[in-house]
Amino acid sequence: MPFGRPQRVILPVCHAVPRYQRLQTMKTANLAGLVGVLLLAVSPVQAQSADPAKTIRTYFEAPESGFDPAKYSDHYSGEINSSIFEPLLAYDYLARPQTLIPRTADLPEIRDEGKTFIYKIKPGIYFADDPAFKGKKRELVAQDYVYTIQRLVDPASRGAPWDFMFKGKVIGLDEKLAEAVKSGKFDYDKPIEGLKALDRYTLQIKLKRPDYNMPYITAAPATGVVAREVIEHYGDASEAHPVGTGPYMLKSWQRRNRIILVANPNFRGYRYEPVKAPGVTFDAKIAAELAGKTFPRVGTIDIRVIETPQASWLSFQNGQLDTHPRLGFNYARLIAPGDKLAQKYQQMGWRYYREAEADITYYQFNMDDPVVGGSSVEKIALRRAINYAYNQMAELMIIRNGQGLLAQSPLAPQINGYDPNFKNVLGRFSPARGNALLDRFGYKDCDGDGWREQPGCKPLAIKLMMSTGSDGRDQEELMLKGFNAIKIKLSIEKMNFSDFLKNRQGGTYQFAGGAWGQDYPDAENFMQLLYGPNAGPVNEARFRNKDFDKLYEQIASEQPSEARNERLRDMSRIVAAHVPWIYSVNRIRTHIAQPWVVGYKPHPDNMPHWMFLDVDLDKQKAAAAKK
């Protein structure tokens, strides 16, 4: 997912996927019975426990776009969507490493060596009430997921880059998409072999090739289920009328300012029981706080958009925020020197978590751009020279206050395939090497103004696109300093976050900041960002390389293994050689919560999991009385 998602530094690989290795030799095995670790961690109860007197006040550091999973992919919209729309599967809240559990469906039966997946939807799950249902209670059925998945590839409804999860995989879906492109209309009623409701509560997904990531894909927030009649009722305004089966629903929305969610009275309620299995650990303290309760407990989630780190920090200090995810770099060191919460804040009862995100930040080139793109040797030399001019260590240690790891490949910590020992051969700061490369390949100062021109003395100027919001002046200055050192003109164009994403996905940029956090914890979710057939809203760099693509198609059908990991390393070497990306960092984030917030624990999927939070009203009132 663009911009956002977190994980622990000490666990470099997610171990949930390797458990699927045993499925290859058991063609019709049921995953729930086969894999002991993937146990039901939440059981439905028919009680609404949310207290309208309880509110969690939190914030976003950048504005949301809208609340329709098929239309938007920014992290902040995704946080809201994750509490409204439900995928088939979920991750256990406290289990580490990340562990799949049932959500609206049981864990799938996997057949045909990873090419067929059968999901049994749980009866008695209902959408939130909405005028689109004309006064009737609307039960969730398998056909709703057939519709939801197709929306992710329908060009008319799709605004977010989620089609990579199903396009090229599901039998009959590509042909249906081709017909839609030709006719201008996607025929949702035309059945296809690869995606069908076998009965009211049974969904079947059939693939062209094995894909053992499919259970993970069907836990991704983007696959959260929508009702067709709601989408058709609201049309283009669907983003402002999200209706799901999840624990919360939208009460009010002041765009780019404030979002209020309230508990969904139709939600079935959950009780949490942690997964207990070899290799899986959980936070026993938080589990004890959750024990015996029905969720959600909190009636209202109040989210404000606060784009400056200082303002959000002061709001938390003043008790105006109950949780503060992703604390600004400077304040993270302030409250926890040496990565331990200062005594002052311990005495105040603050809850502190420091997590390494399963994400990567980078700067990307538009490979279709006539100046910085292309695969000729002089274009590769230009990108390599810019890479040498970027001081990755300075960004990590000075700008980010050491809150991260130096990124070495397109992959992130704690996902299958991540190699903590892999090193990027171009990962060094050396303007001298950059200048030598530029001199060798004809980038000279033709007119004597102190700036280089392209070979043949054509003008050379590069524009870096950045988003407004959190203070990025230090990063801009770092990049300007690097470009000055290799005598290339750099200008910076800034815009709001939503427009920034649109321009990146639409290819209307030259050089831009980027980030990606896991949709599911496997290398394929990251490598698909550079897969040639995904060039466009997914592969924003428009990178195309036949050797990389061939390796991608191999790893996309494989289960985790050392041979697969070596292919992933080869893919990383190709990216290093061609430089469509300049790696920045894998972020480490600091999260804090007030002492009256119960059950708070950042999750590796970087979703808020507000459903599991509670408020100790007595503690909250006592704290307010002291002011």
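**Strands, a patch and a disulfide**

Modeller: Five bridges join strand β6 (residues 116-120) to β8, and the two run antiparallel. Bear in mind that this is a predicted model.

Colleague: Which residue in β8 is the bridge partner of K120?
Modeller: T202 is the partner of K120. D199 also stands opposite T202.

Colleague: How many bridges pair β7 with β8?
Modeller: Four, in the antiparallel sense, with β7 covering residues 195-199. A hairpin of two residues connects β7 to β8.

Colleague: Why is β8 called largely enclosed?
Modeller: Four of its five residues, in the run 202-206, are buried, so the rest of the structure largely encloses β8. Buried here means under 20% relative accessible area.

Colleague: Switching to the surface. Which residues make the nonpolar patch?
Modeller: M393, M397 and I398 make that patch, about 320 Å² in area. I398 sits in helix α12, residues 392-399.

Colleague: Is I398 buried or exposed?
Modeller: Exposed, because its relative accessibility is 64% and the cut-off for exposed is over 50%.

Colleague: And disulfides, how many are there?
Modeller: One. The bond joins C446 to C457, with S to S at 2.1 Å. C446 and C457 are 11 residues apart, both in the loop between α13 (431-440) and β18 (461-467).

Colleague: Why is the disulfide left-handed?
Modeller: The torsion about the S-S bond of C446 and C457 is about -85°, so the disulfide is left-handed.

Colleague: How exposed are the two cysteines, C446 and C457?
Modeller: C446 is partly exposed at 37% relative accessibility. C457 is partly exposed too, at 46%.

Key: Residues are numbered from 1 along each chain as its sequence is written. This is a predicted model: local features need pLDDT of at least 70, side-chain atom pairs count only at pLDDT 80 or more; totals for chains, interfaces and linings use all residues. Side-chain values use heavy atoms; hydrogens and water are left out. Buried means under 20% relative accessible area, exposed over 50%, partly exposed in between (1.4 Å probe, protein chains only). Two strands pair if DSSP finds at least two bridges between them. Patches are made of residues with over 30% relative accessible area and no salt bridge: like charges are joined within 9 Å, nonpolar side chains (Val, Leu, Ile, Met, Phe, Trp, Tyr) within 5 Å. Accessible areas come from the Shrake-Rupley method with a 1.4 Å probe; for residues, only the protein chains shown count as cover. A salt bridge is a side-chain nitrogen of Lys or Arg within 4 Å of a carboxyl oxygen of Asp or Glu. A disulfide is a pair of cysteine sulfur atoms within 2.5 Å.
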